[in-house]
Amino acid sequence: MVHPQFDPIAFSLGPLSIHWYGIMYLLGFLAGQYLGIWRAGRDAWRNFSADEVKDLLFYIVVGIIIGGRFGYVFFYHMDLFLQNPLYLFKINEGGMSFHGGFLGVAGAGILFARKTHTAIFSVGDFVAPLVAPGILFGRFGNFLNGELWGRPTDVPWAMIFPQAGDALARHPSQLYQMAGEGLLLLVFLWWWSAKPRPRMAVSAMFMIGYGLLRTAAEFFRQPDAHIGYLMGGYLTQGMLLSLPMIVLGAAMMVFAYRHPVFDTLVTPDKKSAGGKKNTARKTRVKAK
């Protein structure tokens, strides 16, 4: 099979060009918003209203854009930044990093938590399952653009990516990541977080799950040409950035279950005069 080489521009409105990748980001955001509002309405103990979900996801989108761009430049193209610091702002040249976006989302969640007087990991645990749809659509966008192709292989479903500059049959690794980091992670986190877990546990599970799935996908994905293989030819940049997520996530999971704190429904009479969520959300309950 040969990659269809889709036109990266889906359609144009006068001088404005709408790219497939932008559409994928929009679909990921809309899916996350829909699922978040639905879950907030179903599970009152999460203490999120529809309006709060919309506000939170706005913070998240900003965090993804800023963090994703900074991560791409500092993790993958520090050389270009050192040559020209303005490269950081050349968004028109593309380039986003998941790990940078993850840090941006973490920062956005902290700002939202401070604004609403909500426990930071209550926000993180609510957001974690909603990130996976964005990953799913984002990886499909990578496939449509014919970027981030896989390593050479002879599997029956291998695909030739002319964008790679050769005629080698390669793993369609974008689809692997779409299925793993996107769909599989979404289904598992949605199921695992359906009932109350100790605060921080869902965030930890996201970090562990994504880190493991991304590390596995890196065995099929072609490393960036200007970086190549690291640490004696065994690891890639994506692996090195994912391993800390696994380690930190595991430590957070242990802490969450050793010192369990559960979010409980905050009723109107338990709110402060300003209407913000108060210490009722900090009630410690022993895990069963």
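Visitor: Which element gives the largest share of the lining of the second largest pocket?

Guide: Helix 8 does, with 4 residues. The model is predicted, so local features need pLDDT of at least 70 and side-chain atom pairs pLDDT 80 or more, while totals for chains, interfaces and linings use all residues. Residues are numbered from 1 along each chain as its sequence is written, and side-chain values use heavy atoms, with hydrogens and water left out.

Visitor: What makes a run of residues a helix?

Guide: A helix is a DSSP run of H or I with at least four residues, numbered from the N terminus. Helix 4 (98–116) and helix 8 (237–258) are the elements that give two or more residues to this lining.

Visitor: What makes a space a pocket or a cavity?

Guide: On a 1 Å grid over the protein atoms alone, a cavity is a set of points where a 1.4 Å probe fits but cannot get out; a pocket is an open set with protein on both sides within 12 Å along at least five of seven lines. Lining residues have an atom within 4 Å of a point. Among those lining the second largest pocket are Phe75, His99 and Met207.

Visitor: What is the volume of the second largest pocket?

Guide: About 150 Å³, where a volume is the space filled by probe spheres set on the points, which are joined across faces, edges and corners.

Visitor: How many cavities of 30 Å³ or more does the structure hold?

Guide: There are 2. The largest has a volume of about 160 Å³, and Trp45, Arg46, Ser122, Asp125 and Asp263 are the closest to its centre of the 14 residues that line it. The second largest cavity holds about 60 Å³ of space.

Visitor: Why is helix 1 called roughly antiparallel to helix 2?

Guide: Helix 1 (residues 20–42) and helix 2 (residues 50–76) pack at an angle of about 150°, with their axes 9 Å apart. Angles over 145 degrees count as roughly antiparallel, under 35 as roughly parallel, 65 to 115 as roughly perpendicular and the rest as oblique; helix 1 is therefore roughly antiparallel to helix 2. The axes are lines fitted to C-alpha atoms over the stretch in contact, and angles run from 0 to 180 degrees between N-to-C directions.

Visitor: Which residues of helix 1 and helix 2 make the contact?

Guide: Contact means heavy atoms within 4.5 Å. The residues include Tyr25, Phe29 and Gly32 of helix 1 and Val53, Leu57 and Ile64 of helix 2.
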